[in-house]
Every structure is written in C-alpha cells, then in structure tokens.
Amino acid sequence: MAERFFLRPSPKPNRKFDECEAMSILSGPPSSGKTSLLFQFAFNSAAEGNAVVILCHRRSLETAPPFLSQGVDPSSDIFRRIQVKYVDDDEAIKNYFAAFHLHHTFPASIIVDNFGYFFDERNCRERYNNPRGRDLAMVRVLALCRNVISHANKSSRCEILLSDTHKGDTPRLLYIYKRWASCIYTIKGDGSGSFVLKKSYSGMANAKPTSSAKYSIALQYLVLEGLVEEADN
C-alpha cells in the first residue's frame with residue numbers, strides 16, 4: 001500500500017501481514033526521494049513495534065541523506081528498533097542473507113537501498129565469465145531473498161523491500177524483478193516538481209484495489225500531497 005511510505009497518524013501494532021508485501025521493489029528515477037521513502041517506511045514499521053534492518057552504502061547515504069515527514073521526532077525511541085547496516089557490494093548483501101537463518105529472531109522488515117548499485121557490471125561479468133553476469137548476480141541474490149522470506153515466515157512475519165533506480169518509464173530489469181517480487185512500486189515525475197508513487201505490478205491473483213500517492217520533497221521534508229484510490233494492475 002502506497003501509504004506505508006508516508007507518515008501515518010496512528011500506527012497499527014500487530015498489523016495483519018499481507019502476502020503481497022512479502023518482497024517488494026520500489027523503482028524510480030534519480031533524485032525522486034527513494035531513500036526518503038524507504039526510511040519513512042522503516043520508521044512506520046518500527047512504530048508498529050517491529051525490528052527493522054536497512055542495508056545501504058555508507059558514502060551514498062552520507063552524500064544524500066534521507067528526509068522524513070514533518071512531525072517525525074529524530075530523537076524518538078522508535079529509531080532504536082531500526083538497525084542500519086553498511087554494505088559495499090553484492091557479495092556483502094549475499095553474505096547477509098546467506099547467514100540469515102542463524103538469527104535467533106528475525107526482523108519484520110529488511111530494506112535494501114539502491115539494490116542495483118551494489119552490482120558492478122564489470123566485476124559481475126568477470127566473476128561469471130558471461131556478458132550478462134550482472135543479471136545473473138542479481139538473480140542469485142533475489143532468489144536468496146525469496147528463500148529468506150519463505151524460511152522466516154514459517155515462524156514470524158518478515159518482508160523485504162528493495163529500491164532501484166531507473167531512467168525512462170519502466171525499470172530496465174522489470175523482467176527479472178517480476179520473477180521474484182510480490183509487487184513493484186514505480187515513481188514518475190509529474191512535471192511540476194512532484195512525484196507519483198503507484199503499484200505497477202502485483203504477482204497476486206485478485207489483488208485488492210490499491211492507491212497511488214502524490215508527494216514532493218520540500219524544505220527537507222517528505223511531503224504527502226494526496227492519495228488516490230485506483231484499481232490494481
């Protein structure tokens with residue numbers, strides 16, 4: 001649901017888990033506020049009483065820090081439930097998920113900021129001796145993510161949210177993401193400085209109607225301008 005990326009007045013503890021949220025992709029153009037949306041998503045999940053893990057690149061985060069919604073207290077104890085783990089490449093992400101079953105308890109939300117950034121095309125080609133090595137590397141990690149979700153959800157609720165950057169109307173790797181993701185959210189600029197976030201794909205049959213969200217980044221805040229209900233694709 002698009003509203004999960006924006007501040008909600010009253011969190012819902014023990015919110016019912018929706019299978020269509022098990023593994024989601026958030027894809028948008030450069031400088032469209034994806035990291036801000038991810039961190040607000042993390043805050044909302046933590047506000048429900050959940051443990052959250054964010055995997056991200058330190059330099060990227062320091063260069064372009066996220067903006068949260070106005071009304072979020074930076075000193076809130078809610079942030080204690082959010083663990084930020086810095087990773088440098090796809091191998092570090094793969095190692096994290098490969099050892100996931102060793103955890104005594106699982107986080108309810110695992111978020112990977114700028115997923116595609118970690119897969120260097122040259123390194124992946126050399127590693128797999130294949131011109132499509134980057135695609136192969138991404139597929140392996142996505143498959144591992146699905147295994148993690150299946151394992152964790154046998155005993156508790158767990159979801160994975162990945163973000164990626166695309167140029168043009170649709171993600172370049174849409175054919176790969178559709179194979180592994182439960183749903184895909186895409187962001188488009190509206191030409192006036194605002195953006196529209198909508199669910200563009202759902203792998204669930206008979207998916208419920210969802211909503212799109214119009215938002216902007218103003219005065220270093222993530223600003224929700226409105227929600228519009230629409231039929232799911």
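So, the lining of the largest cavity: by class, we have 6 nonpolar, 1 polar and 3 charged residues. This is a predicted model, by the way, so please keep that in mind throughout. Which residues line that cavity? They are Met1, Arg4, Phe5, Glu21, Ser24, Phe41, Glu159, Ile160, Leu161 and Tyr185. The largest share of the lining, 3 residues, is supplied by strand S5, which covers residues 159-165. As for volume, the largest cavity comes to about 60 Å³. And a search of the whole structure for cavities of 30 Å³ or more turns up 1.

Let's stay with two names from that lining, Phe5 and Phe41. Are they buried or exposed? Phe5 is buried, and Phe41 is buried as well. Now, rings: across the whole structure the search gives 10 aromatic pairs. Phe5 and Phe41 make up a tilted aromatic pair, with 5.2 Å from centre to centre and 45° between the planes. What does this pair tie together? Phe5 sits in the segment before strand S1 (23-28), while Phe41 belongs to helix H1 (residues 34-47), so the pair connects parts that are 36 residues apart in sequence.

There is also a cluster to look at. Tyr96, Phe97, Phe100 and Phe106 are linked into a cluster by ring pairs. And if you turn to Trp180, you will find the charged end of Arg179 sitting over its ring, 4.2 Å from the ring centre.

That brings me to confidence, as helix H6 (residues 174-180) is where confidence in the protein is lowest, at a mean of 87. Where is confidence highest? In strand S2, residues 52-56, at 97. Taking the protein as a whole, the mean pLDDT is 88, with 89% of the residues reaching 70 or more.

Next, let me show you two backbone spots. Asn129 is not a glycine, yet its phi is positive, about 50°. You will find Asn129 in the loop between helix H4 (121-128) and helix H5 (133-152). Its relative accessibility is 71%, so Asn129 counts as exposed. The other spot is Leu219, which is not a glycine either and has a positive phi of about 55°. Leu219 is in the loop between strand S8 (210-218) and strand S9 (221-230). Because its relative accessibility is 79%, over the 50% cut-off, Leu219 also counts as exposed.

Buried or exposed? Asp135 is buried, since its relative accessibility of 10% is under the 20% cut-off. Asp135 and Glu121 are 14 residues apart along the chain, and their C-alpha atoms are separated by 8.8 Å.

To finish, here are a few more residues, each with a partner elsewhere in the sequence. Start with Phe79, in the loop between helix H2 (58-63) and strand S3 (82-86). Phe79 has a relative accessible area of 26%, so we call it partly exposed. How many residues separate Phe79 and Ala46 along the chain? They are 33 residues apart, with 7.2 Å between their C-alpha atoms.

Then there is Pro9, placed in the segment before S1. Pro9 is exposed, with a relative accessibility of 85%. From C-alpha to C-alpha, Pro9 and Gly71 are 9.5 Å apart in space, and in sequence they are 62 residues apart.

And my last stop is Lys188, in strand S6, residues 183-189. With 43% relative accessibility, Lys188 counts as partly exposed. Along the chain, Lys188 is 156 residues from Ser32, and the C-alpha atoms of the two are separated by 8.1 Å. Thanks, everyone!

Note on methods
Residues are numbered from 1 along each chain as its sequence is written. This is a predicted model: local features need pLDDT of at least 70, side-chain atom pairs count only at pLDDT 80 or more; totals for chains, interfaces and linings use all residues. Side-chain values use heavy atoms; hydrogens and water are left out. pLDDT is the predictor's confidence in each residue, from 0 to 100. Helices (H or I, at least four residues) and strands (E, at least two) are DSSP runs, numbered from the N terminus. On a 1 Å grid over the protein atoms alone, a cavity is a set of points where a 1.4 Å probe fits but cannot get out, and a pocket is an open set with protein on both sides within 12 Å along at least five of seven lines; lining residues have an atom within 4 Å of a point. Grid points are joined across faces, edges and corners, and a volume is the space filled by probe spheres set on the points. Ala, Val, Leu, Ile, Met, Phe, Trp, Tyr, Cys and Pro count as nonpolar, Asp, Glu, Lys and Arg as charged, and the others, Gly among them, as polar. Rings of Phe, Tyr and Trp (its six-membered ring) pair if their centres lie within 6.5 Å; planes under 30 degrees apart count as stacked, over 60 as edge-to-face and the rest as tilted. Buried means under 20% relative accessible area, exposed over 50%, partly exposed in between (1.4 Å probe, protein chains only). A charge sits over a ring if NZ of Lys or CZ of Arg is within 6 Å of the ring centre and within 35 degrees of the ring normal.
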